[in-house]
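Keep the sequence and the 3D view side by side.

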Amino acid sequence: INAEYMGDLPAVLAAARDALAKELDRQFGASITDHSIFEAHVRKYEKEFLEDMEALGVRPADIITRVTEYIPQVIQYVEKLIAEGMAYQGEQGVYFDLAAYRAAGHHYPKLKQGSAEEMAEGEGALASGGDALRKSASDFALWKFSHPGEPRWPSPWGDGRPGWHIECSAMCSDVFGSQIDIHSGGSDLKFPHHDNELAQSEAYFGCSQWVNYFLHAGHLHIKGLKMSKSLKNFVTIRQALAEHSARQIRLMFLMQQWDRPMVYSDQVLDDAKSKEATLKNFFGTVRGLMRSNWLEKPQVYSEEERHLVSVLEEKRNTVHAALCNNFCTIDAVRALFDLVTEVNKYLATKESPSVPLIRRVGAYVTRIFRIFGVVEGSDDLGFRLGESGSCGDREQTIAPFVDALSGLRDSVRLGARDKKEHKYFLQVCDDIRDETLSTLGVRVEDQANAPSRWKLDDPAILKKEVEEKREKQKLAQLKKAEKQKKKEENAQRVAAHDDQ
């Protein structure tokens, strides 16, 4: 045991968990017969999975099925396949008869020409052979006779449990019927899992197309390798959410092609954070313009507005074409950020911008990012900034802002009473911006010859920016003092030389 674990039993158990579990299973696994133990184990991880999905902002399922609650339907499914001549009983279980399936005019495999190794991996212990009645090594298990310590249910062929593929067919057929429009999963499930699902389901219904469309997602890669528990290069959802927001993670995936290998790295997450900051700034700017007295300024539909309208229509068409092209979110997201860039260019050169046009662009960007799950809520513009709260929460909500305003008033009154110089009042303004409002998540931006703009932002980000600004000011002051000191030393040397 490493010295770092000495005297810390929980740490020792955590470090040795996998090895202990394997050894305990070897010694006592065969004695486990109580189904409630298996159920408790599954319920624990089912609960954690659903919590993780909620934390990621994934919409909940309409229907949840569990194979342990579908055993009668699974048995009925296998019985019909046997009756149709598409399955048979062996020594270790019931198998799907691929030769009979092909002889009936069906095609196998449809999705991927898999290897014997992939088929063996899907069959587990049954792949090692030993079943003299199994017609072919490619015939996959529909029902497996249980070994000691494995879950088991009674069936016409003997106590056992469902095969890997049959459970999906039985549950999907019960919910959706004889045909599924869209079926999804990881790219590694094409063969043998999805091909075997198709075979047994099309044999069951006597059809040639059980699924209309398959969507196979790419794997997640870390440092060039597929993320997997065996390689110990995996990151759990909770670990990822401890360092990054759900929005940042979603943006990271949107900027990669969904059906190709995806990369999880600091670089791509930094890019996602940068994109999120750009969107926050954009939505904050649009909100600020909408709050301004823009109607008091000239509203002219000039060449700049015409150009921005044409760019909006161009990017709308680009986004639509990208999503029609295999849901290419990379191109769609790129077009949206190009549109944001065009708006920023327009605002930088336009003294009296068209707020209705900017609002229209903001609403479009919001709508598409809401479809992508990046924007939540029902607001027409930007990220949800928190609920307004009930009347009972009103005082708690506005108290920090009222305190800030009251404090500013006190400082101004004190300065006026003591006849302070104008520098005092400028410093008071800077202090409330950097000390008070930044803590409340309010970003105040000064503008030359125009009222300041404010936006809502992450207090932690604002605090970091203030600290960095002060550090730069401190360094500038040190350099200035050093320069002044050198100037004075030079002046002293010149004076001493003149005296000589």
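What follows is a short walk through selected parts of the chain.

This is a predicted model, in which local features need pLDDT of at least 70, side-chain atom pairs count only at pLDDT 80 or more, and totals for chains, interfaces and linings use all residues. Residues are numbered from 1 along each chain as its sequence is written, and side-chain values use heavy atoms, with hydrogens and water left out.

Begin with helix 3, residues 35–55. Helices here are DSSP runs of H or I with at least four residues, strands are runs of E with at least two, and both are numbered from the N terminus. The expected span of a helix is 1.5 Å times one less than its number of residues. Helix 3 has 21 residues, so it should span 30 Å. Its end C-alpha atoms are 30 Å apart, which agrees. After helix 3 comes Gly57, with a positive phi near 80°.

Now the rings. The structure holds 12 aromatic pairs. Rings of Phe, Tyr and Trp (for Trp, the six-membered ring) pair if their centres lie within 6.5 Å; planes under 30 degrees apart count as stacked, over 60 as edge-to-face, and the rest as tilted. One of the pairs joins Trp143 and Trp157, and it is tilted, with 6.0 Å centre to centre and 55° between the planes. This pair links distant parts of the chain, 14 residues apart. Trp143 is in strand 3 (residues 141–145), while Trp157 is in the loop between strand 3 and strand 4 (160–162). Trp143 has a relative accessible area of 0%, so it is buried. Trp157, at 12%, also counts as buried.

Phe337 and Phe369 form an edge-to-face pair, 6.0 Å centre to centre with 70° between the planes. This pair too links distant parts of the chain: Phe337 in helix 13 (residues 329–349) and Phe369 in helix 14 (residues 355–371), 32 residues apart. Both Phe337 and Phe369 are buried. Elsewhere, Tyr77, Tyr204 and Phe205 form one aromatic cluster.

Contact means heavy atoms within 4.5 Å. Lys275 is in helix 11 (residues 266–291). Its relative accessibility is 21%, so Lys275 counts as partly exposed. Met252 is 23 residues from Lys275 in sequence and 9.3 Å from it in space, C-alpha to C-alpha.

Two other lysines sit over rings. A charge sits over a ring if NZ of Lys or CZ of Arg is within 6 Å of the ring centre and within 35 degrees of the ring normal. Lys44 lies over the face of Tyr45, 4.3 Å from the ring centre. The charged end of Lys420 is over the ring of Tyr424, 5.6 Å from its centre.

Next, find Gln257 in the loop between helix 10 (246–254) and strand 9 (262–263). Its relative accessible area is 9%, so Gln257 is buried. The side chain of Gln257 reaches the backbone oxygen of Asn326 at 3.4 Å. Beyond four places in sequence, Gln257 touches Met262, Asn326, Phe327, Cys328 and Ile330.

Last, the cysteines. The structure holds zero disulfides (pairs of cysteine sulfur atoms within 2.5 Å). For Cys207, the nearest cysteine sulfur is that of Cys172, 13 Å away. Cys429 has 44% relative accessibility, so it counts as partly exposed.

Methods: Buried < 20%, exposed > 50% of the residue type's maximum accessible area, 1.4 Å probe, protein only. Polar contact = N/O pair within 3.5 Å; in protein donor to acceptor, adjacent residues only side chain to side chain.
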